[in-house]
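Work through the two exercises below with the sequence and the 3D structure at hand. Try each task before reading its solution.

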Amino acid sequence: MSAVPAAPRAASAEAAAGPEFGLLLVPPRARTGWRVVPARVVAMCAVELQKLRHDRTELYTRAVQPALWLLIFGETFTRLKAIPTGGIPYLDFLAPGIIAQSAMFIAIFYGIMIIWERDAGVLTKLLVTPTPRAALVTGKAFAAGVKAVVQAAVVVVLAALLGVGMTANPLRLAGVAVAVILGSAFFSCLSMTIAGIVLTRDRLMGIGQAITMPLFFGSNALYPVDLMPGWLQAVSRANPLSYQVDALRGLLIGTPSHLALDFGVLALATVVGITAASGLLGRLAR
Amino acid sequence: MNDRVAVECRALTYTFEHGRKKAGTRAVDGIDLTVRAGEVFGLLGPNGAGKTTTIRAITTLLPTARGMVAVFGHDCNTDRSAVRRLLGYVPQQLSADAGLTGRENVELFARVYDVARAERSERVAQALAAVDLTEAADRMVGTYSGGMVRRLELAQALVSAPRLLVLDEPTIGLDPIARAGVWDRVDAVRRATGMTVLVTTHYMDEADRHCDRVALMDRGRIRALGTPAELKARVTAEDPALAAPTLDDVFRHFSGRTLTDAKEGDFGDVRRTRRTASRVG
């Protein structure tokens, strides 16, 4: 890349007479190299947090579904004792799965958001900034993660109120946040990738509805993998949600888990997701 | 690098492909264009004339297989990052985020243009002041009028001190007072900063009043290029019956049809225009 030319211009006398434009005459110094992606991620996450600060309605309404899963499904199956959970109450077994599910539901509709942003001109405007597509997608993916962490905190509080015995260890809770962020980043990238293929909101809504439930039921969120038929176990092993739930269960409840494998798969899935979504982002802009 | 040329297009051609078996639609058909640094240059024409496609090529959004586009000497295909650092862009749609305040909207663009934290708030404040939105800066954008949103988008574009400001139909759907308000700020900022402004519009009266030079586009080609006064003089010279032509007359003279006849555009153009118009109320 050649150097960006300096802006050789002088403010006229009129500028001095009108509003102070001094800084608007000097282009900011560009970040380069590895600093670009973290800076864009921080920018996108800051926007997400600002939006949540202004309007928490979505946070509350999205808490209804996990609350119903825990209250109705969880409480009932705890009494039935129909699902073997290795000696822990079913509600405790279920809570990490519901945290992962609520985070996935937020992330899986990020593709619709990016199509809306395309239609509203927001995406176009961002693509004209010096932001590589991969940095833009990474920013969006981690913004979904930040939103999902806030949502997960609400579900954790709900679960604690229902008597689920969870860890209070700050390190483990930090691990929970990382697992939620990585999982959400992957699912938002999956959604943005599909958006880059189907290009319209209507098609994406149909596909979003079609894949969320199979992803949820084809994971270990509701029942242990050992109970599944062979073919469903294979689906579960290929499903990043299973690794996220396994990590959350190990960190929050203390069940045996495979944290290195779980985080490894989630990180790899996120990288693949970012690569795929970045490659297709240009299709949306055209 | 020639600092006196802001935008240069040579034989720019773009065809939208519809599939392997169908013939594509040639949106831009071999245009040559030079925008001088510091001028306000208008790309005029009806929906579907090729204005937005040209703008998309200049703003690096469309990779062009045929022809050349450069901004201040930087090729828009091969040196995109450098081009983007020189651009401020306001798309046709109302693109500010209604879920944030005006200040937060501008801050986002300060961040993505790498404005250092130490000067971010001051630079954002200056951009908001430049478009006369200081008092409304901390209100949610959802409460802004259409004209205020347009001025906010101008602030978003100005915060990075661009050398080329690209405005795609900046006053579409606005009432005459809001249109005048937007142009007042564009003119003031341009006089103060000396930046180049490239604007597309199909309001000929605005182009006549605010543009130094204009290019009249129709069906993907430039039919005439010059200052509004030059173009009118040419029309009068070629057709003495038109003693005091307007730019509408100039368009009709060079394209062979009126703007009303020509307002076709594809479904996307019409949908975009209507959506913007409905959002500005």
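The model is predicted: local features need pLDDT of at least 70, side-chain atom pairs count only at pLDDT 80 or more, and totals for chains, interfaces and linings use all residues. Residues are numbered from 1 along each chain as its sequence is written, chains are lettered from A in the order in which they are written, and side-chain values use heavy atoms, without hydrogens and water.

**Exercise 1.** Describe the surroundings of B:Asp138.

Solution. 
1. Locate the residue: B:Asp138 sits in the loop between helix H4 (117-130) and helix H5 (146-158) of chain B. Helices are DSSP runs of H or I, at least four residues, numbered from the N terminus.
2. Judge exposure: at a relative accessible area of 53%, B:Asp138 is exposed, because exposed means over 50%, buried under 20% and partly exposed in between (1.4 Å probe, protein chains only).
3. List contacts (heavy atoms within 4.5 Å): beyond neighbours within four places in sequence, B:Asp138 touches B:Thr101 and B:Arg103.
4. Check the distance along the chain: B:Glu104 is 34 residues away from B:Asp138, with 8.1 Å between their C-alpha atoms.

**Exercise 2.** What classes of residue line the largest cavity?

Solution. 
1. Find the main contributor: H2(A) gives the most, four residues.
2. Sort by class: nine are nonpolar, three polar and six charged. Ala, Val, Leu, Ile, Met, Phe, Trp, Tyr, Cys and Pro count as nonpolar, Asp, Glu, Lys and Arg as charged, and the others, Gly among them, as polar.

Methods
Helices (H or I, at least four residues) and strands (E, at least two) are DSSP runs, numbered from the N terminus.
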